[in-house]
Amino acid sequence: MPAQIASDSFTFQGTTLETAPEALGPLRRSDDALGDFTELRQRMQQDGYLFLPGLLHRNEILSARSEIARRLADVGLLHESYPIADCIAAPATQVNFMAEVARDNPPLDAVLYAGPMMEFYQSFLGGPVRHFDYTWFRAKAPGNNATQPHYDVVYMGRGTRRLYTSWTPFSDMDFDMGGLMILENSHKQQHIIANYGQTDVDRYCENDDASQQLLRSARDEERNLTGEERGKVKWQSPTFGAYSPDAISTRRELGGRWLTAEYRMGDLLLFGMYTMHASADNHTNQIRLSSDSRYQLASESVDERWIGQDPPAHGIRAHRGMIC
């Protein structure tokens, strides 16, 4: 299992995560197989993920982190008594997701969409590669705001399913800061793949009159739904994509261990669309920084929600009806 973890600082939304050997383990490192892409493909098939410590250039990560920290400071999220580079959260800061940090950010793009990242995918996928234009950026404030267990496919499954997520840390993350967790063998759970794995968070029940009326009104006004309005629509995925609100019960239900590590800037963790993952809480005083970016063969179909200068994302343009 990972190095000794203090139980009071390894939690999921405030509840202590199990640390017994049957519940928690280390990610399998694959830096020993760098350059052997046949072996790496086999490990991806076997494990559902690849953990590649040190693959990316740390100096480029630090450059991107500096620009990210400046942007966080500009909107008042960092404590004024500490150096901006430390990313210490201002008092009472509540932040979780900040896609705007990734927009028009050349140092970040240099990490995610050039250099070792793209070179790796070109060889791993065996052909010309494209990435999504939309970058998911997480800025996790201190507190009990861990990410719920989910498959990525429910958010981006309208194109090829041979799509991969790169989770890239822009902080050095010890266990106190938390970080991403992979549920062991979750990519082999065929009954979950055949049910939950076929949902789409932007498909709504077109035979529900109240949903139709609300969505029609939003389209007429050319605006996206508010959070309250979205909650009134009958969706195919009513939990907005999460498999469960609880990482502890998910592991007990599906079996396997939560796998994690203490991450360093320069590390890369990538996984497929049917790999269940979540995160732990952040028990430090820093904002925890990481990005999710997506890659596929350029020759395969792409999910239109995440492409272009102004991607639809989960807005009104992305919604599709279905008979429920």
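A residue is counted as buried when its relative accessible area is under 20%. In this predicted model, Cys 205 has 2% relative accessibility and is therefore buried. Cys 87, with a relative accessibility of 0%, also falls in the buried class. For the chain as a whole, buried residues account for 56% of the 324 residues. Cys 324, at 45% relative accessibility, is classed as partly exposed.

Cys 205 and Cys 324 are joined in a disulfide, with 1.8 Å between their sulfur atoms. The two cysteines come from distant parts of the chain: Cys 205 lies in strand 9 (residues 203-205), whereas Cys 324 belongs to the segment after strand 14 (320-322), and 119 residues separate the pair. The angle about the S-S bond is -90 degrees, and the link between Cys 205 and Cys 324 is left-handed. A search of the whole structure returned 1 disulfide.

The fold comprises 9 helices and 14 strands. The radius of gyration of the chain is 20 Å, which agrees with the value near 20 Å for a compact globule of 324 residues. The C-alpha trace extends over about 55 × 50 × 40 Å along its principal axes. Of the contacts with a separation of 6 or more, 81% are between residues 24 or more positions apart.

The accessible surface of the chain amounts to about 14,100 Å², and carbon and sulfur atoms contribute 46% of this area. The chain carries 32 positive and 43 negative side chains. The centres of these two sets are 4 Å apart.

Conventions
Residues numbered from 1 in each chain as written. Predicted model: local features only at pLDDT ≥ 70, side-chain atom pairs only at ≥ 80, totals over all residues. Heavy atoms only, no water. Helix = DSSP H or I, 4+ residues; strand = E, 2+ residues; numbered from the N terminus. Rg over C-alpha atoms; globule rule 2.2 N^0.38 Å. Buried < 20%, exposed > 50% of the residue type's maximum accessible area, 1.4 Å probe, protein only. Contact = heavy atoms within 4.5 Å. Areas by Shrake-Rupley, 256 points an atom, 1.4 Å probe, with all protein chains shown as cover. Lys, Arg positive; Asp, Glu negative; His and termini not counted. Charge placed at Lys NZ, Arg CZ, Asp CG, Glu CD. Disulfide = S-S within 2.5 Å.
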